[in-house]
Amino acid sequence: WYGWAVAATGVGAASGGLLVGPLARKYSLPHLVAVGVALSALAVFFPVIGHFSPAVIIVAMGTVGIGSSLINAPLRAALVSRTPTSQRATTIVAAFTLVTVASPLGALAAAALLALNTPPTAWAITATTALIPLSLSA
């Protein structure tokens with residue numbers, strides 16, 4: 001079922017990518033980011049409260065995918081449109097480098113924690129680790 005969880009994240013991200021355009025016309029970008037962070041955080045922390053069944057995890061990971069699209073597109077648009085032209089290239093390269101470096105580190109930490117085979121603790125720490133790249137992208 002692990003493969004289904006990863007696939008659900010991808011399907012959620014693709015769905016969120018399709019939703020973000022129409023939603024951006026209706027709601028402000030900070031509101032979309034706030035909803036995306038809330039979706040991602042709630043979905044990832046949901047298994048910690050004792051619902052560790054594969055179906056719940058798959059739905060939670062799909063929700064994380066949707067949330068990540070609602071976060072990434074508005075933040076990247078703001079990064080490009082609000083950075084002064086003279087500093088834009090340096091700022092964008094620095095932001096993408098931080099996120100690119102932080103994401104694999106979070107995945108490595110998550111794998112190590114999941115290997116401990118203590119689901120609630122591992123999921124709590126994994127969820128926190130997964131949210132670190134989101135904070136860096138802000």
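These questions and answers walk through a predicted model of one protein chain.

Local features here need pLDDT of at least 70, side-chain atom pairs count only at pLDDT 80 or more, and totals for chains, interfaces and linings use all residues. Residues are numbered from 1 along each chain as its sequence is written, and side-chain values use heavy atoms, with hydrogens and water left out.

Reader: How many helices and strands are in the protein chain?
Author: Helices (H or I, at least four residues) and strands (E, at least two) are DSSP runs, numbered from the N terminus. From that end, the elements run α-α-α-α-α. The count is five helices and zero strands.

Reader: In which helix is confidence lowest, and in which is it highest?
Author: pLDDT is the predictor's confidence in each residue, from 0 to 100. The chain averages 77, and 70% of the residues score at least 70. Where pLDDT is low, the predicted coordinates should not be read in detail. The lowest mean, 58, belongs to helix H5 (residues 119–137), and the highest, 88, to H1.

Reader: At what angle do helix H1 and helix H3 pack?
Author: Axes are lines fitted to C-alpha atoms, for helices over the stretch in contact, and angles run from 0 to 180 degrees between N-to-C directions. H1 covers residues 2–26 and H3 covers residues 54–82. Their axes are 6 Å apart, and the angle is about 35°.

Reader: Why does Ser69 count as buried?
Author: Ser69 sits in helix H3. Not counting residues up to four places away in sequence, Ser69 touches Ala13, Gly16, Gly17, Val20 and Pro74. Buried means under 20% relative accessible area, exposed over 50%, partly exposed in between (1.4 Å probe, protein chains only). Ser69 counts as buried because its relative accessibility is 11%.

Reader: Which residues does Ala5 touch, not counting residues up to four places away in sequence?
Author: Ala5 lies in helix H1. Ala5 is buried, because its relative accessible area is 8%. The residues that Ala5 touches are Ile57, Ile58 and Met61.

Methods: Contact means heavy atoms within 4.5 Å.
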